[in-house]
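Please open the model in your viewer and keep the selection panel at hand. The stops below go residue by residue.

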Amino acid sequence: MRVPEILSAVTTPFLPDGDIDAPGLRRNLERLEPLVDGVFVAGTTGEFPALEPGEHARIVEISLAVFGPERVVVHVGAPSTRQALAMARQAQVLGARRAAALTPYYLPATVPGILRHWAAIAEAFAGEVYGYVFPDVALTDLLPEGLPAVVDAGVVGLKVSGRASQRVPEYLQQAPDGFRLWSGNDADLPRVLEAGGWGTVSGVSSVCPQPWARLRDALRDGDDGAAAAAQQVIEEIVPVLGPSIANLKEGLDLLDLAGGPCRMIIDPPTPTHRTRIADAVRLGAN
């Protein structure tokens, strides 16, 4: 089993007045930097539909300053190709070398439409471009049989979330050697690796990175017992912290990091669930 790439899908911390907490974001990233392999920024967990272009640029700048260009995947997904290209070009000017784009969303796109969209981004962006399939929220889907055409469009990897994450083996059966696939299912890393996948993009690891770091290191060292122990912790904390962005921010606040309010209309955790989040954070930190 290969050593996975652990990418933390980071939240975007906001201040009470709604502005981005830039120092808080840097602090969150600096805490993650020694533990995970990289970060996925301005994605779903980062509330990307609510970000302004200048805010997207600021997030990219801070992330690159902490992790460097090889360890940052910048999400540039948008409903239109025009918007996505503007973000991709901006990220490239700032020094980004890895970008991911959600399928066009809100109005469902056909497979040819997805391919036109991703091909335009791949042509405009000088680094690596990955597709992002999350049909549960985007409405647009890409089934495994469409993957060869995606590769022809210049896409070199794929992040799959929601119900698309249940198709990891099927996607990889259609993929060429060297194609990278990450699952957004935080607790599913062993199955992803067994199928030949590349790693995970995990929101919960942005709050509790230690279990994912232990799992990765145990897999590298061939320590099955340590890997099983780390996976057990992951399976206990993921249902408590995920998939709610508000739950993740609550966990960060409990760690005296920058969580803050959600900008999007997301209900906060109940008092009972806050207690469960506190227990999960303690477990994940041990």
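Select Tyr-132 and Thr-44 and show their side chains: a polar contact of 2.7 Å links the two. The model you are looking at is predicted.

Tyr-132 sits in strand β5, which covers residues 128-133. Is Tyr-132 buried or exposed? Tyr-132 is buried, because its relative accessible area is 1%, and the cut-off for buried is under 20%.

Next, display what surrounds Tyr-132. Beyond residues up to four places away in sequence, Tyr-132 touches Phe-40, Thr-44, His-75, Ala-101, Leu-102, Thr-103, Trp-118, Leu-158, Lys-159 and Ser-161.

From that list, select Lys-159. The side chains of Lys-159 and Tyr-132 are joined by a polar contact of 3.1 Å. Lys-159 belongs to strand β6, residues 157-160. Lys-159 is buried too, with a relative accessible area of 7%. Setting aside neighbours within four places in sequence, its contacts are Phe-40, Gly-131, Tyr-132, Val-133, Trp-182, Gly-184 and Val-201.

What does UniProt list for Tyr-132 and Lys-159? An unreviewed UniProt entry lists them under "active site".

Key
Residues are numbered from 1 along each chain as its sequence is written. This is a predicted model: local features need pLDDT of at least 70, side-chain atom pairs count only at pLDDT 80 or more; totals for chains, interfaces and linings use all residues. Side-chain values use heavy atoms; hydrogens and water are left out. UniProt positions are given in the numbering used here, feature names are shortened, and annotations may be inferred rather than shown by experiment. Helices (H or I, at least four residues) and strands (E, at least two) are DSSP runs, numbered from the N terminus. Buried means under 20% relative accessible area, exposed over 50%, partly exposed in between (1.4 Å probe, protein chains only). Contact means heavy atoms within 4.5 Å. A polar contact is a pair of N or O atoms within 3.5 Å; within protein, one must be able to donate a hydrogen and the other to accept it, and residues adjacent in sequence count only if both atoms are side-chain atoms.
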